[in-house]
Amino acid sequence: MPMYAALIYDDAEAAEAETTPEQWQEVMATYEAFGEKAGAAGVIAGGEALQPPSTATTIHVQGGQGGDVIATDGPFAETKEALGGFYLLNCADLDEAISWAAQIPGAWLGRVEVRPCIDFSEG
Amino acid sequence: MVRPTTDAERRIAEIVRTEGGQVLATLIRRLGSIDLAEDAVQDAVVRALERWPVDGVPDNPGAWLTTTARNAALDRLRREARRTPKEEAAMAGLESDPPEPVDSVVRDDLLRLLFTCCHPALNPDARVALALRTLCGLTTPEIAAAFLVPEATMAQRIVRAKRKIAGANIPYRVPADHELPDRLGAVLAVVYLVFTEAHHSSSSVAPVRVELADEAIRLGRLMVELMPDVPECVGLLALMLATHARRDARTDAAGELVLLADQDRTRWDHDAIAEADTLLTGALRRRDVGPYQLQAAIACLHGTASTWDDTDWHQIAELYGHLEAIAPSVAVAVNRAVAVAEADGAEAGLALLDDIAGAERWHLFHSARGGLLRRLGRTDEAIVAYRAALACDPNPSDRVFLERSVAELSAP
């Protein structure tokens, strides 16, 4: 069965500043409910929530493999909306993936990008 | 081998174009790949061009093409030294499955193809191109020419869309009932976009590109054939027929735009208007009115009126009111104001026009104001309105009309 990555993009820092603890709890509860529902359906193959972009370190090896390791503070691209987490979803087709992705709170709090994963077992 | 005459070739080409969509639709389902299916259908067409001039056209050319394409696909797959799992699956399916297509299956295949081509996950331009290519049998250069884009751009657009369908696994199926309203909207929009592109191209000098409008109507007919119980499908076909019926009267001998009020109504295609009227009456009986049926009703009222003055403006104004309630837009608001001006007088129409917000950049808004001001004898204001319309960068034929209006009003 095809696998899709549902990449959740949001403006985490703005959300943190504007969200009350009660609202935050509600968001978390909605995420949990999604996890239980999609998990029970056998759709979720993995996923993580990421710490904010301010905790990111970007690595680049200069001069090809084995070259100088350059680590810099912050995410690769400084945009307002950043990758905040992801799920791996086993779905029969894109329509199914879209219908699950639309139930992730990130889809209304930010946006969710659905990308098919490459299946290396297929030529 | 007897060399086919050009006439025979043309006749075969026409059959292939009529049957091609069905054959391709079936092959895509059985092969799970648009590219493989297109290659196989192409092989079958080459065979038809060889065989039909000699053997005659078979009784059921669609079935002949489907069977031949299936065999061609099997040949192609067998020749592959190394097959992907998908190709293996396609081959197993082709070998086990009897090739004879059944009417109901063919119908479902076409419907699947229509929904796949118009999938919301595809770029809107690509949806239009894919539908024209797979369902209408147009070639990429033909589609590129119709939309006035370079051939390479159009080819790239189609390749990318096909790659996305395959890569992201866009399903080849008719959406479930709960998805249908949204997905149907996308299909109708694609067909209507083909039609409006033909009629309102701001980039083309000719106001009507008939070929593209014919393709849109062809798609509309196919849609109604596949979904006869969906009133908006029928409404869209009726709208296109009734609008297209006026094509010959829309321009004068010099190629200039003729306003509806001034059109020679004997040049309208009254058979097409009658067909639209019959279709619409049937659709309205289902009491599930939508924007396409409302627009079709307006177009039919125009089409069946013997003169501009004889037109049932009260009903048209009312229909625009309903349309504004369910699908509000500046264009609808302006058209409603124009209809009210005819029904209740220019003052009433002008009052409505002046209440419309956000229309300042649309030339037809200023043009409509100019017309009503002119009628009220407010010549100076009318000139200002027509000039404002000209400043909105109208398409060439509208520009000619606006410049002429300014000249007429400025004359001593």
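Predicted model: local features only at pLDDT ≥ 70, side-chain atom pairs only at ≥ 80, totals over all residues.
A residue counts as buried if 20 or more other C-beta atoms lie within 10 Å of its own C-beta atom.

Start with the outline of chain A. Its C-alpha trace spans about 50 × 45 × 20 Å along the principal axes. Four helices and six strands make up its secondary structure. Their order along the sequence is β-α-α-β-β-β-β-α-α-β. Among contacts in chain A with a separation of 6 or more, 73% join residues 24 or more positions apart.

Now look at one helix of chain A. Helix α3(A) runs over residues 94-101 and is mostly covered, with six of its eight residues buried. The buried ones are A:Leu94, A:Asp95, A:Ala97, A:Ile98, A:Trp100 and A:Ala101. Strands and helices both take part in the cover. The strands include β1 (3-10), β5 (82-90) and β6 (111-116) of chain A. The helices include α2 (21-40) and α4 (106-109) of chain A.

Next comes the contact between the chains. Chain B supplies ten residues and chain A supplies seven residues. On the chain B side, five are nonpolar, three polar and two charged.

Turn to the nonpolar core. In soluble globular proteins, nonpolar side chains tend to be buried together. Here the largest nonpolar core has 130 residues. B:Ala238 and B:Ala276 have the most contacts inside this core. Helix α11 of chain B, residues 231-244, gives the most to the core, with nine residues. What does B:Ala238 touch, leaving aside its neighbours within four places in sequence? Its partners are B:Ala276, B:Leu279, B:Leu280, B:Ala283, B:Ala296 and B:Cys300.

Finish with a helix pair in chain B. Helix α18(B), residues 379-390, packs on helix α19(B), residues 396-410, with the axes 9 Å apart. The angle is about 155°. Angles over 145 degrees count as roughly antiparallel, so α18(B) and α19(B) are roughly antiparallel to each other. Their crossing is left-handed. From α18(B), the contact uses B:Thr379, B:Ala382, B:Ile383, B:Tyr386, B:Arg387, B:Ala389 and B:Leu390. From α19(B), it uses B:Arg399, B:Leu402, B:Glu403, B:Ser405, B:Val406, B:Leu409 and B:Ser410. By class, this contact has eight nonpolar, three polar and three charged residues.

Methods. Residues numbered from 1 in each chain as written. Chains lettered and ligands numbered in written order. Helix = DSSP H or I, 4+ residues; strand = E, 2+ residues; numbered from the N terminus. Contact = placed C-beta atoms within 7 Å. Core = buried A, V, L, I, M, F, W, Y, C linked by C-beta atoms within 7 Å. Buried ≥ 20, exposed ≤ 12 C-beta atoms within 10 Å, placed from the backbone. Axes fitted to C-alpha atoms, helices over the stretch in contact; angles between N-to-C directions. Parallel < 35°, antiparallel > 145°, perpendicular 65-115°, else oblique. Left-handed = near helix turned anticlockwise from the far one by under 90°. Nonpolar A, V, L, I, M, F, W, Y, C, P; charged D, E, K, R; others polar.
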